[in-house]
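Visitor: I am new to this structure and would like to know what the terms used for it rest on. Please show it to me before I ask.

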Amino acid sequence: MKEVIHTSNAPAAIGPYSQAIKAGGAIYVSGQLPVDPATGAFADDTIQEQTRQSLTNIKNILACAGADMSDVTKTTVLLQDIADFGAMNEVYAEFFTEPYPARAAFQVAALPKGAKVEIEAVAVISEK
């Protein structure tokens with residue numbers, strides 16, 4: 001059984017997908033752009049602030065589903081420029097503690113709306 005997760009504390013989906021789906025003891029959070037849900041605009045132009053907003057969106061979606069960042073087991077980070085990896089990683093470390101989630105990070109040709117970063121996450125809650 002799939003449960004759609006939706007909160008106004010994260011940007012609405014801009015296409016035919018859900019913010020997140022809860023199924024089988026896991027929460028699958030769709031890629032989050034650095035959009036501030038209050039304004040509909042990017043939080044800032046820096047990779048640090050865009051990373052912070054993307055992760056805040058994930059945090060808010062997880063909270064709506066009864067989970068938190070400590071439940072995240074896997075993330076995927078898409079970067080417009082892999083040279084931003086270090087700066088992104090510094091902010092990323094503010095949101096996670098050991099044991100850190102597994103992660104993949106890639107440079108991509110382009111991201112929606114010209115974003116510098118997009119982050120997706122999987123959280124497991126069945127162990128609680």
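Visitor: Why does Asn57 count as buried?

Guide: This is a predicted model, and in it Asn57 has a relative accessibility of 0%. Buried means under 20%, so Asn57 counts as buried. The residue belongs to helix H1, which covers residues 47-64.

Visitor: What is Asn57 in contact with, leaving aside its neighbours within four places in sequence?

Guide: Contact means heavy atoms within 4.5 Å. By that rule Asn57 is in contact with Asn9, Ala10, Pro11, Gln32, Leu33, Val35 and Pro37. As for Thr7, its C-alpha is 9.5 Å from that of Asn57, while 50 residues separate the two in sequence.

Visitor: How do you know that strand E3 and strand E6 pair?

Guide: Two strands pair if there are at least two bridges between them. Strand E3 (residues 26-32) and strand E6 (residues 117-124) have 5 bridges, in the antiparallel sense, so they meet that definition. Val29 stands opposite Ala121 in E6.

Visitor: Which elements of the sheet does H1 touch?

Guide: H1 packs on the sheet and touches E1, strand E2 (20-23), E3, strand E4 (72-79) and E6. The direction of H1 makes about 30 degrees with that of E6.

Visitor: In what order do the strands of the open sheet run, and what is the pairing?

Guide: The order of the 6 strands is E1-E2-E3-E6-E4-E5, and the pairing is mixed.

Visitor: What makes strand E1 and strand E5 stand at the edges?

Guide: Strand E1 (3-5) and strand E5 (102-107) each have a single partner strand, so one side of each is left without a neighbour in the sheet.

Notes: Residues numbered from 1 in each chain as written. Predicted model: local features only at pLDDT ≥ 70, side-chain atom pairs only at ≥ 80, totals over all residues. Heavy atoms only, no water. Helix = DSSP H or I, 4+ residues; strand = E, 2+ residues; numbered from the N terminus. Buried < 20%, exposed > 50% of the residue type's maximum accessible area, 1.4 Å probe, protein only. Axes fitted to C-alpha atoms, helices over the stretch in contact; angles between N-to-C directions.
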